[in-house]
Amino acid sequence: MPSQQHDTQRGKQKALAAAVLAAGKGTRMLSEAIPKVLQELCGWPLLKYAIRCARAVNPDRLLVVVGFGREKVQAAFPDPSIEWVVQEEQLGTGHAAGCAAEALGDFPGDLLVLNGDLPHLRAKTVQGLVNTHRELKAEVTVLTCCKSDPTGFGRIIKDSSGRLINIIEEKDAPEDVKKIKEVNAGAYVFKVAVLKEAVQAIKPDNVQGEYYITDAVVVAAARGYKVATFLLEDEREIEQVSDRADLARSARRIYNEIAQEHMRRGVTIVSPDTTFIGQDVRIGPDTVIYPFCVIAPGVRIGKGCKVGPFTHLRSGTVLADGAEVGNFTEVKATFMGEKSKAKHLSYLGDGHIGPNVNIGAGTIFANYDGKKKERTFIEEGAFIGCGTILIAPVSVGKGAVTGAGAVVTKNHDVPPGQTVVGVPARPIKKEKNRDEESQKEKKKGKGKEVR
Amino acid sequence: MPSQQHDTQRGKQKALAAAVLAAGKGTRMLSEAIPKVLQELCGWPLLKYAIRCARAVNPDRLLVVVGFGREKVQAAFPDPSIEWVVQEEQLGTGHAAGCAAEALGDFPGDLLVLNGDLPHLRAKTVQGLVNTHRELKAEVTVLTCCKSDPTGFGRIIKDSSGRLINIIEEKDAPEDVKKIKEVNAGAYVFKVAVLKEAVQAIKPDNVQGEYYITDAVVVAAARGYKVATFLLEDEREIEQVSDRADLARSARRIYNEIAQEHMRRGVTIVSPDTTFIGQDVRIGPDTVIYPFCVIAPGVRIGKGCKVGPFTHLRSGTVLADGAEVGNFTEVKATFMGEKSKAKHLSYLGDGHIGPNVNIGAGTIFANYDGKKKERTFIEEGAFIGCGTILIAPVSVGKGAVTGAGAVVTKNHDVPPGQTVVGVPARPIKKEKNRDEESQKEKKKGKGKEVR
Amino acid sequence: MPSQQHDTQRGKQKALAAAVLAAGKGTRMLSEAIPKVLQELCGWPLLKYAIRCARAVNPDRLLVVVGFGREKVQAAFPDPSIEWVVQEEQLGTGHAAGCAAEALGDFPGDLLVLNGDLPHLRAKTVQGLVNTHRELKAEVTVLTCCKSDPTGFGRIIKDSSGRLINIIEEKDAPEDVKKIKEVNAGAYVFKVAVLKEAVQAIKPDNVQGEYYITDAVVVAAARGYKVATFLLEDEREIEQVSDRADLARSARRIYNEIAQEHMRRGVTIVSPDTTFIGQDVRIGPDTVIYPFCVIAPGVRIGKGCKVGPFTHLRSGTVLADGAEVGNFTEVKATFMGEKSKAKHLSYLGDGHIGPNVNIGAGTIFANYDGKKKERTFIEEGAFIGCGTILIAPVSVGKGAVTGAGAVVTKNHDVPPGQTVVGVPARPIKKEKNRDEESQKEKKKGKGKEVR
């Protein structure tokens with residue numbers, strides 16, 4: 001019963017570690033430079049999905065086994081809570097799990113092992129796997145699934161008492177075994193000591209010449225350890241991502257699921273098929289997302305906003321309630337205040353925009369000077385004229401105005417209420433009669449306002 | 001026979017009113033601020049579809065029953081021919097129809113009652129309903145439909161002579177009734193006097209505690225009034241829109257239907273799945289719509305035009321024959337003359353462009369000064385240089401030219417044939433040798449052309 | 001056997017000509033101005049698909065039979081290797097083939113005849129047709145297909161020995177014939193002399209009043225010539241393009257096939273459904289194509305590039321390895337060097353960009369002065385500031401910099417290492433204190449830098 005799963009000291013659960021297997025090259029991706037687990041899926045590297053699942057069970061230690069391109073993988077996850085385990089040679093999943101077990105030393109508990117290429121696996125499924133392992137006091141528990149078409153998967157063989165006794169790979173399976181629908185889903189919980197013992201016993205005597213983690217399961221069963229299974233419900237959770245077509249298919253599925261979820265929460269998405277909303281985006285009710293939008297993971301959008309069509313909200317964008325962005329506008333790492341609008345052909349990068357600001361068509365925050373990125377601040381109620389370029393770092397004060405085509409140079413902040421015009425932008429002067437102006441031009445020089 | 005349906009005086013048909021039920025909040029939309037019937041579907045508020053259907057039968061009076069958020073609903077339809085009927089409390093469809101009947105006073109004819117959330121219902125179906133009512137001299141006629149899957153709909157119960165005797169809601173239906181495929185589609189014609197009598201008799205004795213219009217139908221039948229049915233053919237006409245996912249599904253369907261219709265008329269749409277053409281758009285033959293276009297309701301496009309990719313034609317846009325707009329260009333309330341082109345990164349708002357005008361990349365009509373919108377006029381054969389900003393109100397004469405990067409300030413019209421350059425734009429002067437220029441610079445001041 | 005198919009002299013195969021039938025108007029396209037074979041499909045005119053297929057068998061002569069709108073068709077294929085055969089009146093496919101046979105004079109070999117509206121027909125299928133014709137020493141060979149639904153196609157009637165004896169059109173077919181699944185696919189090889197004889201014998205005694213090429217096949221069979229058939233495998237190869245809806249459907253299919261092929265080669269395409277990659281595009285591995293991209297036929301993209309979202313790469317674009325283009329950027333006939341970037345709101349036309357160049361947001365190559373297109377050159381490591389307009393012809397030297405909002409005028413090349421700013425752009429001067437500057441302004445005139 002649940003209470004028995006807890007350590008007596010501190011009421012904490014029995015120790016649990018998690019290991020994500022992320023060492024493979026992923027040959028079928030045909031990549032020259034990118035390890036499979038760094039392939040991008042809906043704005044996240046593939047590995048991030050597995051890590052999220054692993055974290056969901058709140059492990060005491062989180063290991064990621066890396067090998068091919070490990071410097072790149074480690075660099076992509078600058079997270080001190082991850083313990084990187086290096087598998088120097090990629091000798092198979094059994095070997096990789098063994099490396100993780102070694103790294104755990106005399107860790108007293110269990111190890112959850114997850115493949116790095118199952119982005120659709122749900123946290124609640126993994127939690128169910130762990131819970132079952134503990135409720136049954138098993139020493140190994142295998143996640144299984146009944147596939148309508150099991151082709152390609154390892155089949156789960158059980159004895160008459162329902163105990164797992166073997167896992168037979170597709171290519172080794174005789175016809176009667178091929179009819180078995182229950183397959184190995186690619187996630188396991190092992191008692192660490194049992195895993196260590198079992199991986200010592202497995203051999204790479206198969207076509208691939210690899211050490212299989214499934215063989216470790218079978219060894220454990222043969223030696224009399226308690227091997228359980230946990231059956232997941234939705235077979236679509238274990239669609240693997242092996243090549244670029246899989247990536248595209250998975251992306252479409254995830255983007256659809258995300259869009260459906262936002263719609264369920266009161267967001268209008270005019271065209272889910274042409275909308276790409278990443279993970280962990282929050283959108284308030286009554287916001288309308290028009291066609292052709294890409295919204296990066298983690299973006300925050302308030303209620304009653306209008307986004308799109310043709311809009312890219314990149315990482316770090318925050319739109320307050322009632323903000324509107326659309327028509328060939330890109331926003332990056334910028335806060336837009338309530339009811340502020342940027343509706344046409346603008347690039348807003350590294351900015352902070354107050355409420356009720358109007359950003360005219362063709363506005364650009366020139367945030368990059370070739371060396372570093374700088375920030376732009378626009379205060380409440382300012383009016384940025386069409387085609388204005390704001391060279392960061394710079395600020396535009398409350399209620400200030402920039403004329404169409406103004407180039408506001410760096411550090412030349414526009415004070416509250418002031419209007420600036422021209423290239424470079426200067427405070428407005430009273431407009432003269434154009435002919436008069438023309439006559440005086442040689443003496444006067446530049447200085448005409450543009451609005 | 002048909003002639004009997006006409007009033008003797010003026011050869012006019014018997015009086016007909018129409019009422020659209022639009023009072024509900026639409027809880028499943030999860031909207032904080034927007035009544036269901038104002039949810040946008042393909043550029044129109046949902047209610048507009050029902051009003052269009054109602055108008056199609058040419059009613060003598062058109063009533064819309066409003067309740068939740070009625071100020072917003074009324075504001076969205078500033079149409080003096082609509083009679084707004086306020087249902088103070090939303091007590092159900094029967095109550096709403098009763099409110100409409102009350103508002104009709106002693107109106108001598110029939111009342112067509114339509115739900116406000118059936119955007120796929122066709123005008124010819126509604127006309128068929130009215131025609132049947134009159135041909136059969138019925139006192140109530142119910143629109144029905146045979147659904148392949150009737151789940152969720154009220155079932156139509158008829159006696160052995162085929163006369164409607166009951167409508168049983170899903171939740172009240174025993175198993176044998178659930179097997180009935182003919183369902184209530186949500187549109188009715190009542191003789192007004194019969195409706196008034198029937199709604200007096202109905203009670204809110206159901207789970208929702210609401211007065212149902214179906215109960216009024218059943219009461220009329222029970223009292224011996226002639227109750228007929230009209231069976232619509234295409235069951236997809238009665239797909240209801242209840243939540244945001246329904247909105248998205250309906251939108252995709254309507255956009256597809258519209259695209260198919262334009263293709264049938266000789267328009268090439270390269271990718272109907274990524275093209276969003278609104279209602280009542282006209283497009284001439286041989287026009288090509290490239291991928292990623294949004295075209296608002298009512299836009300007019302001539303023949304042999306090219307639109308897209310990446311183009312937003314907003315309300316009020318008119319493209320004459322052979323005009324071309326594309327590549328991150330947005331047009332709003334602007335007329336573009338024959339063979340005029342705006343092919344790159346432009347915003348054209350509130351303009352009138354003559355024929356054979358070339359709009360360079362990055363052109364902006366600065367139509368808004370923060371207070372009001374002003375207009376821009378460009379005459380035949382003008383050449384607008386790249387990156388030109390035209391600050392409205394302003395005009396560019398026949399054959400005139402603006403240099404790249406010119407900012408044409410407001411009211412500084414460019415005369416026919418003239419070339420203007422600079423910020424702010426001034427008539428061009430002969431270009432000097434740059435070095436010579438450089439030496440004279442301090443004395444001369446600004447005034448160089450950019451072309 | 002194969003060796004017998006070769007002429008003895010020069011080891012060359014027996015003479016082979018190919019004729020593409022492209023004379024029809026294509027009434028169902030409802031076009032006022034465009035012959036059917038010029039309708040655009042995935043960036044190519046429809047006819048180009050048939051010509052590609054015909055060329056694949058390496059014919060000694062390539063004929064295209066034109067009629068309706070032939071000037072336009074010929075102008076669209078300015079290829080001296082095509083022999084244009086004019087069919088003055090469009091009297092049917094038999095007549096068109098006869099025109100081709102006439103034009104061949106005493107050509108001693110075979111003629112491959114292809115319809116111009118079968119864009120999905122594969123070269124290997126056509127090669128198989130020709131090979132079969134020659135291996136069987138046939139005098140006529142008909143491409144056939146077993147359709148799961150043969151409705152609308154001419155049925156192939158064979159005698160008990162499997163010899164083709166008749167082709168019966170749908171409308172003339174009795175019920176038992178309609179059940180035949182093997183249909184005429186619309187491609188043929190004729191011995192030229194046999195074709196000439198047969199077309200003399202056919203009559204337009206059918207509903208359309210046209211001469212059918214199928215009648216020529218049947219006449220040849222009746223006269224005892226050896227008539228063979230070659231069965232293609234994939235029935236989807238003979239989906240005809242007759243109207244605009246067919247065009248859209250074919251386009252979606254071709255774009256999908258192309259995307260799948262690139263993914264198989266190691267390219268990530270985030271969203272194949274919203275990506276439009278034309279024919280003959282080459283893309284290196286590890287390049288990522290984000291949503292909303294249109295890539296024209298023939299574009300070349302290196303490895304490790306990032307393209308999109310919202311990007312249009314037009315004809316003549318070449319991206320070297322590691323180049324990045326995205327976010328509302330259009331590139332035309334421009335080479336981008338290694339690791340160069342244009343990531344926001346830019347139009348790059350007729351340019352040559354060296355490696356490691358940064359193109360700022362809102363950059364425009366003003367390549368068109370209303371009369372002709374000119375080129376822009378940017379050398380290695382240059383930094384183009386936001387909103388820069390480069391008026392071609394112009395060049396920016398190695399490591400040079402343009403300030404935000406600079407308008408670099410034509411022929412005013414920026415030397416290597418120099419920084420230019422302003423409108424028009426001039427070499428930068430040291431920035432003064434703004435207040436000091438302001439006081440001196442009347443005397444000094446323009447000349448302030450913008451960065």
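Contact here means heavy atoms within 4.5 Å. By that rule, 51 residues from chain B and 46 residues from chain A take part in their contact.

The model is predicted: local features need pLDDT of at least 70, side-chain atom pairs count only at pLDDT 80 or more, and totals for chains, interfaces and linings use all residues. Residues are numbered from 1 along each chain as its sequence is written, chains are lettered from A and ligands numbered from 1 in the order in which they are written, and side-chain values use heavy atoms, with hydrogens and water left out.

**Chain B against chain A**

Buried area is the accessible area (1.4 Å probe) that two parts lose on being put together, summed over both. Between chain B and chain A it is about 3600 Å². Carbon and sulfur atoms give 65% of that area. On the chain B side, B:Arg244, B:His412 and B:Arg426 supply 16% of what chain B buries against chain A, more than any other three residues.

A salt bridge is a side-chain nitrogen of Lys or Arg within 4 Å of a carboxyl oxygen of Asp or Glu. The interface of chain B and chain A has two. B:Arg244 forms a salt bridge with A:Asp286, with 2.7 Å between the closest N and O atoms.

Polar contacts are pairs of N or O atoms within 3.5 Å; within protein, one must be able to donate a hydrogen and the other to accept it, and residues adjacent in sequence count only if both atoms are side-chain atoms. Chain B and chain A have 11 residue pairs in polar contact, both residues at pLDDT 80 or more.

Helices (H or I, at least four residues) and strands (E, at least two) are DSSP runs, numbered from the N terminus. Several elements of chain B supply at least two residues each to the side that touches chain A, among them β16 (293-295), β22 (329-332) and α9 (434-444). The largest share, seven residues, comes from α8(B).

**Chain A against chain C**

Here 52 residues of chain A are in contact with 47 residues of chain C. The pair buries about 3600 Å², 65% of it on carbon and sulfur atoms. In chain A, the residues that lose the most area to chain C are A:Arg244, A:His412 and A:Arg426, together 16% of what that side buries. Two salt bridges cross this interface. One of them joins the side chains of A:Arg244 and C:Asp286 (2.7 Å, N to O).

**How the copies are related**

Copies are superposed by least squares on the C-alpha atoms of residues with pLDDT of at least 70 in both. A rotation of 120 degrees, with 0.0 Å of shift along its axis, puts chain A on chain C (RMSD 0.1 Å). The two copies are thus related as by a three-fold rotation axis. They use different surfaces: 17% of the contact residues of chain A recur in chain C.

**A sheet in chain C**

Two strands pair if DSSP finds at least two bridges between them. Chain C has an open sheet of seven strands, in the order β14-β17-β20-β23-β26-β29-β32, with parallel pairing. Its edge strands, β14 (282-283) and β32 (394-396), each pair on one side only. Within the sheet, two bridges join β23 (residues 335-336) to β26 (residues 351-353) of chain C. C:Met336 stands opposite C:Ile353 in β26(C).
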